[in-house]
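Dear colleague,

I am passing on to you the structure we spoke of, with its sequence, and below it you will find a description of what turned up in it. Please read the notes with the model open beside them.

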Amino acid sequence: MHPAEHTEVERWLARHGLADAEPTPLLATRLAVRRRAKVADALLLAAFMMGAALTHALGLPTTVTSSWLLLLVLASLAVGLLVAQWLLGWWVRRVDQRAGAQLARRVAHPAELGWPAVLGRPHAVFAVATFAGAFLLALSVLPIPDSGLRNGAIFVLIGLACAGVGTVLQLRQVLASPAVADDEASLTADVIMRVEDARALVTPSLVWTMPAIFLYGESLGWWNAVALALVVTGALALSLIQLRATRVGTAARRALATR
């Protein structure tokens with residue numbers, strides 16, 4: 001194992017109350033693929049935001065013909081982003097499976113880990129509320145007689161629906177994947193990673209950005225203020241949840257205690 005990877009694993013174990021556990025190549029491999037996937041996901045989201053904003057801005061003012069072309073291009077960008085994010089999640093699970101296949105023995109979770117134990121109800125409620133707020137905002141903008149704004153609202157609704165389905169499918173993948181562990185310490189580390197993966201999935205970066213990008217038309221309106229308020233309120237709520245929620249290591253040990 002590279003010294004830098006060894007140090008990273010030691011810090012991760014200490015941060016989650018596993019300082020007595022031995023850093024292993026298995027853990028280094030799993031942490032490395034998650035770090036790379038996180039960087040790739042951030043780059044994908046940034047590219048999507050820039051591409052979508054540029055496409056939407058160049059399409060204004062819209063005509064009947066250009067509006068459908070604009071929606072097609074924006075929908076293609078959204079589908080491309082969601083497929084790429086799903087492939088990143090699949091890549092992480094694939095690396096986990098390959099690492100697990102090299103173990104001389106494997107242990108399993110004592111019981112099925114449900115979403116309340118892994119994700120936690122506060123994070124689940126926050127995710128649902130964030131999606132619902134963005135949906136209601138986009139729906140309320142549809143009757144406004146501004147073709148650019150209406151097209152943006154339609155795109156936000158399509159994007160939110162795709163993002164919601166993608167999040168549920170990826171969360172199911174996180175919960176259903178077999179354990180990659182050969183002893184008690186690595187089993188605890190496995191559940192800690194699931195908790196981290198699940199909480200990262202429901203962080204609504206895409207949900208916050210779409211209304212801010214697309215819900216503008218020929219003039220500023222109340223919807224712009226509401227979109228900004230959703231981001232500010234959501235960021236404050238997420239910060240409070242992260243401060244008050246059970247720490248990742250504790251949540252993982254509680255999930256394991258369901259045996």
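The axes of helix 2 and helix 7 come within 12 Å and cross at roughly 5 degrees; since angles under 35 degrees count as roughly parallel, the two helices are therefore roughly parallel to each other. Please keep in mind throughout that this is a predicted model. In this pairing, Leu 27, Arg 30, Leu 31 and Arg 34 on the helix 2 side meet Ala 189, Asp 190, Met 193 and Asp 197 on the helix 7 side, and the residues of this contact divide into 4 nonpolar and 4 charged, with no polar ones.

Helix 7 also has a contact with helix 6, where the axes come within 10 Å and cross at roughly 175 degrees, which makes helix 6 roughly antiparallel to helix 7. Here Thr 167, Gln 170, Leu 171, Val 174 and Leu 175 of helix 6 meet Arg 194, Asp 197, Ala 198 and Leu 201 of helix 7, and by class this contact has 5 nonpolar, 2 polar and 2 charged residues.

Helix 6, which covers residues 147-176, packs in turn with helix 5, residues 121-141, at an angle of about 155 degrees and with the axes 8 Å apart. Angles over 145 degrees count as roughly antiparallel, and helix 5 and helix 6 are therefore roughly antiparallel to each other, with helix 5 passing helix 6 in a left-handed crossing. From helix 5, the residues in this contact are Phe 131, Ala 134, Phe 135, Ala 138, Leu 139 and Val 141; those they meet in helix 6 include Leu 149, Ala 153, Val 156, Leu 157 and Thr 167. The contact of helix 5 with helix 6 divides into 13 nonpolar and 2 polar residues, with no charged ones.

About 60 Å³ of space lies in the largest cavity, and its lining consists of Arg 30, Arg 34, Arg 93, Asp 96, Val 174, Ser 177, Pro 178, Val 180, Asp 190, Arg 194 and Asp 197. Helix 2 (25-58), helix 3 (64-101) and helix 7 (184-201) are the elements that give two or more residues to this lining, and the largest share, 3 residues, comes from helix 7. By class, the lining of the largest cavity has 3 nonpolar, 1 polar and 7 charged residues.

As for the chain as a whole, its secondary structure comes to 10 helices and 0 strands, and its C-alpha atoms fill a box of roughly 65 × 30 × 30 Å, taken along the principal axes.

With kind regards

Technical notes. Residues are numbered from 1 along each chain as its sequence is written. This is a predicted model: local features need pLDDT of at least 70, side-chain atom pairs count only at pLDDT 80 or more; totals for chains, interfaces and linings use all residues. Side-chain values use heavy atoms; hydrogens and water are left out. On a 1 Å grid over the protein atoms alone, a cavity is a set of points where a 1.4 Å probe fits but cannot get out, and a pocket is an open set with protein on both sides within 12 Å along at least five of seven lines; lining residues have an atom within 4 Å of a point. Grid points are joined across faces, edges and corners, and a volume is the space filled by probe spheres set on the points. Helices (H or I, at least four residues) and strands (E, at least two) are DSSP runs, numbered from the N terminus. Ala, Val, Leu, Ile, Met, Phe, Trp, Tyr, Cys and Pro count as nonpolar, Asp, Glu, Lys and Arg as charged, and the others, Gly among them, as polar. Axes are lines fitted to C-alpha atoms, for helices over the stretch in contact, and angles run from 0 to 180 degrees between N-to-C directions. Angles under 35 degrees count as roughly parallel, over 145 as roughly antiparallel, 65 to 115 as roughly perpendicular and the rest as oblique. A crossing is left-handed if the near helix is turned anticlockwise from the far one by less than a right angle, and right-handed if clockwise. Contact means heavy atoms within 4.5 Å.
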